[in-house]
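Q: I have a structure open and would like to go through it piece by piece. Can we start with the charged pairs and move on from there?

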Amino acid sequence: MKKQDISFDTKIIHSGEPDPRIEGAANVPIFQSSTFEYSGQKSYDDLKYIRLNNTPNHIVLHEKLAILEGAERALVTSSGMSAITTSLLTFLKSGDHLLAHKTLYGGTADYVKHDLTEYGIEFDFIDAMDPSEWNAKLKSNTKVIYVETITNPLIEVAPLDEVVAFAKKHGLISMIDNTFASPALFCPVQLGFDISLHSATKFLNGHTDIVAGAIIGNEPHMSNINSKLNHLGGCLDPNACFLLHRGMKTLSLRIKRQCSNAMKIAIFLNDHEMVSHVNYPGLESSPSYQRAKELLCGFGGMLSFIVKGGIEEADKVMSKLKIPMCTASMGGVESLVTRPVQTSHSLLSDEELLESGIDKSLIRLAVGIESATDLINDLDQALS
Ligand SMILES: *Cc1c(COP(=O)(O)O)cnc(C)c1O
């Protein structure tokens, strides 16, 4: 069997697994040992130590993630934020400038606005949906362009191929937060992105029981990031590695169910008289539909919608829902519902919300793997 004949569904189970198996074990046992006997390693980064992210529990994840996204190397980190901040700090130094999409994940946006500026790193926010405005924001010291595969909470897909072309033309490092898509729906490095980032807390792990991150890319970038990560110390504990490894094996099954559930729910909501707007790239009426169809292998498990009657009515609907738990986060087996302005986007000012087109009554639904019929019935009773 040729390598390219192997489908994603098979790779997620078998790729990167130790060969031969460790003591014949079907699973990689947890190597809960901070340090390992010195065996002639030539460099600091090669010494076996948990902070250096190189126990057998790390290595199997690195190999698997690199193969899944078709890149040379991957690294796991202590959280999504650790993956993001470590990568930004690898490529940006004092006096550099960053271009970033304007409605990034809240933690990332805050880090760019408040922490990077303390190090003398400038930024400008851009609308990733509108390439015509990127040139005007470009500076002679711009080093990095940063976007997300599927935006939050409006669930849009930017012209990602144009982001790659723009970065190549101007010699920028292109970084993308691929959390909302996961490798099952999008492989950024294959399209030409330099660095793909994940909160593995979400779809990759899928069981809402650990916090973890991942960085995926080619050399020499990955070696530079690896050194930075070793110094900043954002390592993943072997026990969390084990859980992430176990969780990842069902990624393909989970995300297929989440995509199909989300599609059915989006259609139901779109036809409901109490709902005034639905954001889901799988709806043909969505401005992201064509792009998502061309770039992604599915439309994802995230959607958002507006009910008639404003914030009061939105909160009433959310409190009446029996199946989804009310909280931020996403990508797990269970459905979660939140009003982003109360949680993930609570740091945005009224002006920024207006500028980003985020309605205060917007409800975001992270669709789980429950029965679509049960979820739709639950939404139906909550909306009535
Ligand atoms: C959750 C999330 C993060 C942060 O990840 P943590 O694992 O919580 O540190 C970053 N980006 C996106 C898109 C997320 O959803």
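This is a predicted model: local features need pLDDT of at least 70, side-chain atom pairs count only at pLDDT 80 or more; totals for chains, interfaces and linings use all residues.

Q: Where do R73 and E219 lie in the chain?
A: R73 is in strand 1 (residues 73-77). E219 is in the loop between strand 7 (213-217) and helix 8 (221-232), so the pair ties together parts that are 146 residues apart in sequence.

Q: And is R73 buried, exposed or partly exposed?
A: R73 counts as partly exposed, at 24% relative accessibility.

Q: What kind of peptide bond joins E219 and P220?
A: A cis bond, with omega about 5°. P220 sits in the loop between strand 7 and helix 8.

Q: Where does the peptide bond from N152 lead, and what is its omega?
A: That bond runs to P153 and is cis, with omega near 5°. P153 belongs to the loop between strand 4 (142-148) and helix 6.

Q: Back to salt bridges. How many does a search of the whole structure find?
A: The search gives 13. One of them joins K64 and E17, whose closest N and O atoms are 2.9 Å apart.

Q: Which parts of the chain does that pair tie together?
A: K64 lies in helix 2 (residues 56-68) and E17 in the loop between helix 1 and helix 2, so the bridge connects parts 47 residues apart in sequence.

Q: Is K64 buried or exposed?
A: K64 is buried, with a relative accessible area of 0%. E17 counts as buried too, at 11% relative accessibility. The cut-off matters here: buried means under 20%.

Q: What about K102, which residue does it bridge to?
A: K102 forms a salt bridge with E355, and the closest N and O atoms are 3.9 Å apart. The pair links distant parts of the chain, 253 residues apart: K102 is in the loop between strand 2 (97-101) and helix 4, and E355 is in helix 13 (residues 350-356).

Q: How accessible is K102?
A: K102 is partly exposed, with a relative accessible area of 22%. E355 counts as exposed, at 56% relative accessibility.

Q: Which residues do salt bridges with shared partners join into one network?
A: E17, R21 and K64.

Q: New topic. How is the chain divided into domains?
A: Domain 1 covers 3-248 and domain 2 covers 251-383. Taken over C-alpha atoms, their centres are separated by 26 Å.

Q: How many residues are in contact between domain 1 and domain 2?
A: 40 residues of domain 1 are in contact with 39 residues of domain 2.

Q: What area is buried between them?
A: About 3200 Å² is buried between domain 1 and domain 2, and carbon and sulfur atoms give 64% of that. On the domain 1 side, I155, L185 and F203 lose the most area to domain 2, together 23% of what that side buries.

Q: Why give an area at all?
A: Because the accessible area lost when the parts come together is often used to state the size of an interface.

Q: How many salt bridges cross the interface of domain 1 and domain 2?
A: There are 3. Separately, 15 residue pairs are in polar contact across that interface. Among the elements that give two or more residues to the side of domain 1 that touches domain 2 are helix 1 (8-14) and helix 9 (238-248).

Q: Now the rings. How many aromatic pairs are there?
A: The count comes to 4 aromatic pairs. In one of them, F123 and F125 have ring centres 4.9 Å apart and planes at 55°, so the pair is tilted.

Q: And how are the rings of Y289 and F299 arranged?
A: Their centres are 5.8 Å apart and their planes at 20°, so the pair is stacked. Y289 is in helix 11 (residues 289-295), and F299 is in the loop between helix 11 and strand 9 (302-307).

Q: Are Y289 and F299 buried or exposed, and what cluster do ring pairs form there?
A: Y289 and F299 are both buried. Ring pairs link Y280, Y289 and F299 into a cluster.

How values were computed: Residues are numbered from 1 along each chain as its sequence is written. Side-chain values use heavy atoms; hydrogens and water are left out. Rings of Phe, Tyr and Trp (its six-membered ring) pair if their centres lie within 6.5 Å; planes under 30 degrees apart count as stacked, over 60 as edge-to-face and the rest as tilted. Helices (H or I, at least four residues) and strands (E, at least two) are DSSP runs, numbered from the N terminus. Buried means under 20% relative accessible area, exposed over 50%, partly exposed in between (1.4 Å probe, protein chains only). Domain bounds come from an automatic or database domain assignment. Contact means heavy atoms within 4.5 Å. Buried area is the accessible area (1.4 Å probe) that two parts lose on being put together, summed over both. A salt bridge is a side-chain nitrogen of Lys or Arg within 4 Å of a carboxyl oxygen of Asp or Glu. A polar contact is a pair of N or O atoms within 3.5 Å; within protein, one must be able to donate a hydrogen and the other to accept it, and residues adjacent in sequence count only if both atoms are side-chain atoms.
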